[in-house]
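Work through the exercises below with the model open beside you. Try each task before you read its solution.

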Amino acid sequence: MCSGRFSSSIRGSAHQVPSRRLPGPIQVIVILIALSFAIPITHARTVTLSTGEWPPYFDSSLDNHGLLAQIISEAYGNVGISVDYRFLPWSRALAMANHGNYDGSAAWSCTPSRSEDFYFSEPILPLYFVFFTRRDSDFQWQEIADLEGLTIGLTQDYAYGDQLTSAVDQGLVSTDMTASDESNFRKLQAGRIDLFPMDPLTGLQMIDQLFSEAEAGQLTYHPRPIRQASYHLIFSRQQDNGGELARQFNQGLADLRSSGRFDEILDNQLGDSQRPYTLAPSLTVEPPRSRCGINNAKTSGFYGNNSR
């Protein structure tokens, strides 16, 4: 009712507003396109990454999901992207990322076979494998020949690098393959194998979880690395945005390093005895693998492609 009287009074006024033509469909489209360029629109983005248990780097029981997970999350956060982690067995995590079930996977070393399937981020942290052994063995080694006659426990689907591959190929060592790191540590503690190659930080945490204090004290490791590489994010080449996701992460990681926040995360999460293993190692240089975004790591595969 009110609207009718208001309309009538306008039509009868001497100051009647001139009628205007409504824009047609083409004009509307042009206006919308112009607005899309003129008004910045920020879309919240979440990247979903497959991963596995690898403490202290990845740990589903922690709020930040572990050291590497926090670095990855904060690096992506610098470019406005959040991260959702899906914890799976490692072989499955890699396969599902390759098939496009997830945006990517964290974190892996570069191998020639993986470079065919994945885009690699810049290196995040060094990856070391050292030989764990029994403390009473007084084990020492400087070259491959020093391993002769020993039995080495291996975990299925892991990469152990050129040096150990060479020792196996030459028949210098015997190998005992199992499906889990836990089984290898139990065999080492029981004296059924002589050596077990493993990341030192991860290995020490597993030992603390698996054994009593007295049993854990029977195990140690030799500091000389048997394998050196780097941890990377990987993104399937089957995904149209895989390369862009790697680029965005690299940008965020560079910002994290330059701001000092990267070192702050390491200092907060690692003790003084652990910190040296996060420093860039001096590596034996192989020919650059530019497709991996890495040119300084020995990363050849061993016992399959779905390996760390």
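## Exercise 1: Ser 105

Ser 105 touches Leu 49, Ser 50, Thr 51, Ala 93, Ala 97, His 232, Leu 233 and Ile 234, leaving aside residues up to four places away in sequence; contact means heavy atoms within 4.5 Å. This is a predicted model: local features need pLDDT of at least 70, side-chain atom pairs count only at pLDDT 80 or more, and totals for chains, interfaces and linings use all residues. Residues are numbered from 1 along each chain as its sequence is written, and side-chain values use heavy atoms, with hydrogens and water left out.

**Task.** Determine whether Ser 105 is buried or exposed, and find the polar contact of its side chain with another side chain.

**Solution.** 
1. Ser 105 lies in strand S3. Helices (H or I, at least four residues) and strands (E, at least two) are DSSP runs, numbered from the N terminus.
2. Apply the cut-offs. Buried means under 20% relative accessible area, exposed over 50%, partly exposed in between (1.4 Å probe, protein chains only). Ser 105 has 0% relative accessibility, so it counts as buried.
3. Check the polar partners. A polar contact is a pair of N or O atoms within 3.5 Å; within protein, one must be able to donate a hydrogen and the other to accept it, and residues adjacent in sequence count only if both atoms are side-chain atoms. The side chain of Ser 105 makes such a contact with the side chain of Trp 108, at 2.8 Å. A polar atom of the Ser 105 side chain also lies 2.9 Å from the backbone oxygen of Ser 50.
4. Look along the chain. Ser 105 and Leu 233 are 128 residues apart in sequence, yet their C-alpha atoms are separated by 6.0 Å.

## Exercise 2: H3 against H11

**Solution.** 
1. Take the geometry. H3 and helix H11 (residues 261-269) pack at about 155°, with axes 10 Å apart. Axes are lines fitted to C-alpha atoms, for helices over the stretch in contact, and angles run from 0 to 180 degrees between N-to-C directions.
2. Zoom in. Gln 70 is found in H3, residues 67-77. Its relative accessible area is 16%, so Gln 70 is buried. The side chains of Gln 70 and Gln 269 make a polar contact at 2.4 Å.

## Exercise 3: Strand S5

**Task.** Which strands are joined to S5 by bridges?

**Solution.** 
1. Pairing requires at least two DSSP bridges between two strands.
2. S9 (residues 219-236) runs antiparallel to S5, with 10 bridges. Tyr 128 stands opposite Gln 228 in S9.
3. S8 (residues 196-198) also runs antiparallel to S5, with three bridges. Phe 131 stands opposite Pro 197 in S8.
4. Check the cover. In S5 (residues 125-134), 10 of 10 residues are buried.

## Exercise 4: Backbone checks

**Task.** Where are the cis peptide bonds, and what is the phi of His 65?

**Solution.** 
1. Pro 55 and Pro 56 are joined by a cis peptide bond, omega about 5°. Ala 106 and Ala 107 are joined by another, omega about -10°.
2. His 65 is not a glycine, yet its phi is positive, about 65°. With a relative accessible area of 24%, His 65 is partly exposed.
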